Amino acid sequence: MSSAALSGPRILFRQIREVMAGKGDPERRLQRIVQLIASNMIAEVCSCYLMRAGEMLELFATEGLKQEAVHNTRLRVGEGLVGDIAAHARPLNLPDAQAHPQFAYRPETGEEVFHSLLGVPIKRGGRVIGVLVVQNRTMRHYTEEEAEALQTIAMVVAELISSEEIIASTELLDTAGNATKPHRLTGRPLADGLGIGTALLHEPHIVVRRTIAENIGEELDRLKVAISRLQEGIDEMLSSSDTLITGESRDIFEAYKMFAHDKSWLRKLEGAVDSGLTAEAAIKRVQDETRSRMKQITDPYIRERLSDLDDLANRLYLQLENGDGIDRQHLTEDTVVIARNMGAAELLDYDRVHLQAVVLVEGTRSSHVAIVARALGIPILGQCREIYNTVEEGDLVLVDGENGQAFLRPSDDVIQIFKKSMRHRAERQAKYAALRSEEAVTKDAEKVSLNMNAGLLIDLENFQDSGAEGIGLFRTELQFMVRSQMPKVDEQTELYAKVLDRMEDNPVIFRTLDVGGDKALPYLEMKEEENPALGWRAIRIGLDRPALLKAQLRAMVRASVGRNLSLMFPMIAEVAEFLEAKSLLMKEIEKEEARSGQRPRKVEVGTMIEVPSIVWQLPQLLKVVDFVSVGSNDLMQFYFAVDRGNSRVTDRYDMLSPGFMSVMKFIADECRKAGVPVSVCGDVAGKPLEAMTLIGLGYRSLSMSIEGLGPVKEMVRSMDTAKIRDFVNSLCIVNEHSVRPQLKAFAKDHAVII
């Protein structure tokens, strides 16, 4: 069955179209289609399995297997090779199917004489509704061209299966499911807040009404016109002045623009049309391939890029439809957008008045859409796996971006409780806004410096309204992660200068590049590591690749000429590493002075305290640093030997354990004795109860995400440091897993607002 043996997909498509256009029993037409496929592909078997309720795949038509197996052979999703194809929504190409560990023998089929197997999923609206399989007696590996041809044929078959006639006649799975029942779904908060509105499915659900092209030349022309309109629309979006596309946000959108002009993607689309598909079917064919790749890739950068391609396919389809569909810029009611994933550009498509929240099947806090959503104040719930199987467009949806929950079609009492929570949140936000200009001073007159964490220029849009005193942590790696190539020194300089310009005289602490681990750069050769969190990352990369670190330091120095420069190095494990990194900085300052005759007005160099080994070198370290900042996320991860991405162990250990509190107290005490400023910039700094504990341990500077500033300032102004200090110190020596309950009770007894 070589590719040369194929009689041509166009001929087969024409034959299938004639069958589909004909009259008669739909199952007989399906049987005729599998006969045509087997004949065209010179396969001894072609079988079609369709999905029934209960995630059960049933053999509906076959050429080559025993006919008595039709409607009698069933496999659960995940069972056997057919079930595996459906479970993972990806093709299988096996020269010896019976040797595969997933092979499930069904004696009624008579398939024991067939060895090679090529199977592809049949999809509708992104969901698997069946599996199409060809088999041969000989052991052979089907070619890539054959696999692509069968995937395209599966699209055509999906058109017949999806017709109301065959669904009604065979009682196939109703994809709407139990669409009237209320559901409570869980996910991961990506952007804080509460939202309520009617569900709007973000993806246009590409509905291919015509699969086979009548005139390939005309279809190519339609595709080219749509591509041209798509590219013009993206160019217009980038040049629009009323969006928040600045700094690294522009890098995100420039990369997006690049994909719209990507020749490889465009060639795939044109190739699909050349094979005999309509322009719409070609888009869906390429989009399905992209989604299958996304499911197999864990690298966050590559997934983000594939997500851009998925979005572009949707936009291109709408161009073919002459832009018909929802006017996203002018929504008529409060809306919750439901999507598998989204690009940052897509979020800006929506009316900001009526967009109340977003729920994603995928998504992470570091994804582009989450970064932009936090800057715009739009709640996002991510990793809500069940949403696409249960939501219908127009459903009422409540989104709790604080606790990671979504409520579909809620009952009246749930709606009332949720609206009450929204009122309370609005009242809290108003109360925090009123505290904006007030100092974070305790009842016994202890001043606490509250600062904001940032990573993009767009984060700084809200600085003036935040009540923060400065930027306690500016993560520089985001500029590197959103680009397809290393940013040049001039580009880095421009970013850092803009940050300092916007912050005016307010302090900013830059952290040098912290990549590696779960933050990979596509253009930096990084081998897969067994324990990436403990591997080649952060300052280790900078010192092993000094050109990379020197370029960043040069940009920071140039941006800071005539003004203050504060920077810190991440992941320092020993004093020698800090001294080596600081030496590179001082040389860059000397070079800049020789080049331009200028240098920063004042330079302060610090380090992150994240690795336990440096804690035991504090007396030596504190003699050579200007300040230190505790990165509680990594320090806690290494202290407890816990992978913070592993849900089975992340909740096992608590920052409010006596042992970890003792370490934090030791750091604060050593810094106080040495007269070196110390701050905490991890997640715990933005949680009122944990922040109260940190103040009791001796910390007077905290840096956090913007959401934490109001609650923590309110807590600070309600507490007495002398009382909490004595209580916290007494807890450091108890033998308990966590002292969280005792600290909560203390806060309640002493009217500390947590």
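What share of the contacts in the chain with a separation of 6 or more is accounted for by residues 24 or more positions apart? Such residues account for 67% of those contacts, where contact means heavy atoms within 4.5 Å. The structure is a predicted model, in which local features need pLDDT of at least 70 and side-chain atom pairs count only at pLDDT 80 or more, while totals for chains, interfaces and linings use all residues. Residues are numbered from 1 along each chain as its sequence is written, and side-chain values use heavy atoms, with hydrogens and water left out.

The chain has 754 residues, and 55% of them count as buried; here buried means under 20% relative accessible area, exposed means over 50%, and partly exposed lies in between, with a 1.4 Å probe and protein chains only. The secondary structure comes to 29 helices and 22 strands, which are DSSP runs numbered from the N terminus, helices being H or I with at least four residues and strands being E with at least two.

Side chains of opposite charge can pair when their charged atoms come close. A salt bridge is counted when a side-chain nitrogen of Lys or Arg lies within 4 Å of a carboxyl oxygen of Asp or Glu, and by this rule there are 30 salt bridges. One of them joins Arg222 to Glu219, with the closest N and O atoms 2.8 Å apart. Because Arg222 and Glu219 are three residues apart in helix α6 (residues 216–239), about one helical turn separates them. Arg222 is partly exposed, with a relative accessible area of 28%, whereas Glu219 is buried at 4%.

Another pair is found in helix α20 (residues 575–596), where Arg595 and Glu592 lie three residues apart, about one turn of the helix. Their salt bridge has its closest N and O atoms 3.1 Å apart; Arg595 is exposed, with a relative accessible area of 54%, while Glu592 is buried, with a relative accessible area of 5%. In helix α25 (residues 658–674), Lys665 and Asp669 are four residues apart, again about one turn of the helix, and they form a salt bridge whose closest N and O atoms are 2.8 Å apart. Lys665 is partly exposed, with a relative accessible area of 23%, and Asp669 counts as buried at 18% relative accessibility. Salt bridges also link Asp192, Glu402, Arg425 and Arg428 in a network.

Ser657 is found in the loop between α24 (647–650) and α25. Ser657 is buried, with a relative accessible area of 5%, and, leaving aside its neighbours within four places in sequence, it is in contact with Phe640, His737 and Ser738.

A cavity is a set of points, on a 1 Å grid over the protein atoms alone, where a 1.4 Å probe fits but cannot get out, and its lining residues have an atom within 4 Å of a point. Grid points are joined across faces, edges and corners, and a volume is the space filled by probe spheres set on the points. By this rule there are six cavities of 30 Å³ or more.

The largest cavity has a volume of about 160 Å³. It is lined by 17 residues, of which Tyr49, Leu75, Val82, Ala104 and Glu111 are the closest to its centre. At least two lining residues come from each of β1 (45–52), α3 (80–88) and β6 (127–136), and α3 gives the largest share, three residues. By class, this lining has ten nonpolar, five polar and two charged residues, where Ala, Val, Leu, Ile, Met, Phe, Trp, Tyr, Cys and Pro count as nonpolar, Asp, Glu, Lys and Arg as charged, and the others, Gly among them, as polar.

The second largest cavity has a volume of about 130 Å³. Twelve residues line this second largest cavity, and the closest to its centre are Pro121, Lys123, Gln151, Met155 and Asp288. β5 (116–124), α4 (144–161) and α9 (279–296) each supply at least two residues of its lining, with α9 giving the most, five residues. By class, the lining of the second largest cavity has five nonpolar, two polar and five charged residues.

Terms used: 1 Å grid on protein atoms, 1.4 Å probe; cavity = no way out; pocket = protein on both sides within 12 Å on 5 of 7 lines; lining within 4 Å.
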